[in-house]
Amino acid sequence: MGKIIFITGGVRSGKSAFAEKYAKQLFLTYGKKRLIYIASGVAIDEEMAERITRHQQDRLNSSVKWETIEIEDELIFKDDLFEESPVVLWDCLTTWLNNVLYKTESFNEEIRENEINRFIQTLKNQLFKWKEEKDCFLLLVSNELMDEPPSKFSEVNRYRSLLGELHQWMVANCDEAYEMDYSLSKRWK
């Protein structure tokens, strides 16, 4: 059986650095043969391009070798992804959900709702499958947005609502849950 570790925190809280350090520790401690990084970032502007480059450099400069897989929205994985019981770090679910909302933005409302629900249900099914069938560690990183006041924009509030529901589901179904603040971690589960 696998193990799911959920890590959340505000923007620039240190969650990615914590997750990478924890993933490397698991990789070295348990003698895993693969260390996989699932990246969902899309360089939509200069700031995001710089963040992606910084994360790529961090992995290149690491003391261990990372395999990177780009997952923008569709959860399509090769069958051998979980061979050799890897440690997998996915950074981040917030960006993935944003990509899903952007991809479905032009759909009519009913079709869009169905597509968003399909993406989220596929994610949940995939996580259950990995946890039940694979001997891997899966670290999931996501931004904490619930501390922000409601937005005047309905799409932002929809995004926050979907993310909040997804976070609640993650915490209920994960083995460990951490919240980051100022590069300090608090284990909640």
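How many of the residues in strand S2 (residues 35-39) are buried? Figure 1 has the answer, but a quick word on the ground rules comes before it. This is a predicted model, in which local features need pLDDT of at least 70 and side-chain atom pairs count only at pLDDT 80 or more, while totals for chains, interfaces and linings use all residues. Residues are numbered from 1 along each chain as its sequence is written, and side-chain values use heavy atoms, with hydrogens and water left out.

Figure 1. Strand S2 is mostly covered, with 5 of its 5 residues buried. Here "buried" means under 20% relative accessible area, "exposed" means over 50%, and "partly exposed" is in between (1.4 Å probe, protein chains only). Helices (H or I, at least four residues) and strands (E, at least two) are DSSP runs, numbered from the N terminus. Look at which way the side chains go: Leu35, Tyr37 and Ala39 point one way from S2, Ile36 and Ile38 point the other way, and all are buried. Two strands pair if DSSP finds at least two bridges between them. S2 pairs with S4 in the parallel sense over 5 bridges, and leucine 35 has valine 87 as its bridge partner in S4. S2 also pairs with strand S3 (residues 67-70), again in the parallel sense, over 4 bridges. In S3, tyrosine 37 finds its bridge partner in threonine 68.

**Figure 2. Helix H3 under cover.** Helix H3 (residues 93-103) is mostly covered, with 8 of its 11 residues buried. Those residues are Leu93, Thr94, Thr95, Trp96, Leu97, Asn99, Val100 and Leu101. What does the covering? It includes strand S1 (3-9), helix H2 (46-60), strand S4 (87-91), helix H4 (109-133), strand S5 (137-143) and helix H5 (154-173).

**Figure 3. Lysine 15, a buried charge without a salt bridge.** Lysine 15 sits in helix H1 (residues 15-29). A salt bridge is a side-chain nitrogen of Lys or Arg within 4 Å of a carboxyl oxygen of Asp or Glu. Lysine 15 is buried but has no such partner: the nearest side chain of opposite charge, aspartate 91, is 6.5 Å away. (Lys and Arg count as positive and Asp and Glu as negative; His and the chain ends are not counted.) What the side chain of lysine 15 does reach is the backbone oxygen of glycine 10, at 2.9 Å. Setting aside neighbours within four places in sequence, lysine 15 is in contact (heavy atoms within 4.5 Å) with Ile7, Thr8, Gly9, Gly10, Val141, Ser142, Asn143 and Met180.

Figure 4. The structure holds 14 salt bridges. In one of them, the side chains of lysine 32 and aspartate 135 meet at 3.6 Å, N to O. Lysine 32 lies in the loop between H1 and S2 and aspartate 135 in the loop between H4 and S5, so this pair ties together parts that are 103 residues apart in sequence. Lysine 32 is buried at 12% relative accessibility, whereas aspartate 135 is partly exposed at 42%. Glutamate 109 and arginine 158 form another salt bridge, with their closest N and O atoms 2.8 Å apart. Since glutamate 109 lies in helix H4 and arginine 158 in helix H5, the pair ties together parts that are 49 residues apart in sequence. Here arginine 158 is buried at 17% relative accessible area, while glutamate 109 is partly exposed at 47%. There's a network to spot too: salt bridges link Asp73, Glu74, Lys103, Glu115 and Arg118.

Figure 5. A disulfide is a covalent bond between the sulfur atoms of two cysteines. With the cut-off set at a pair of cysteine sulfur atoms within 2.5 Å, the count comes to 0 disulfides. For cysteine 92, the nearest cysteine sulfur is that of cysteine 174, 16 Å away. For cysteine 136, the nearest is also that of cysteine 174, at 14 Å. Cysteine 92 is buried, with a relative accessible area of 6%, and cysteine 136 is buried at 4%.

**Figure 6. Lysine 152 out in a loop.** Lysine 152 has its place in the loop between S5 and H5. Buried or exposed? At 75% relative accessibility, lysine 152 counts as exposed.

Methods:
A polar contact is a pair of N or O atoms within 3.5 Å; within protein, one must be able to donate a hydrogen and the other to accept it, and residues adjacent in sequence count only if both atoms are side-chain atoms.
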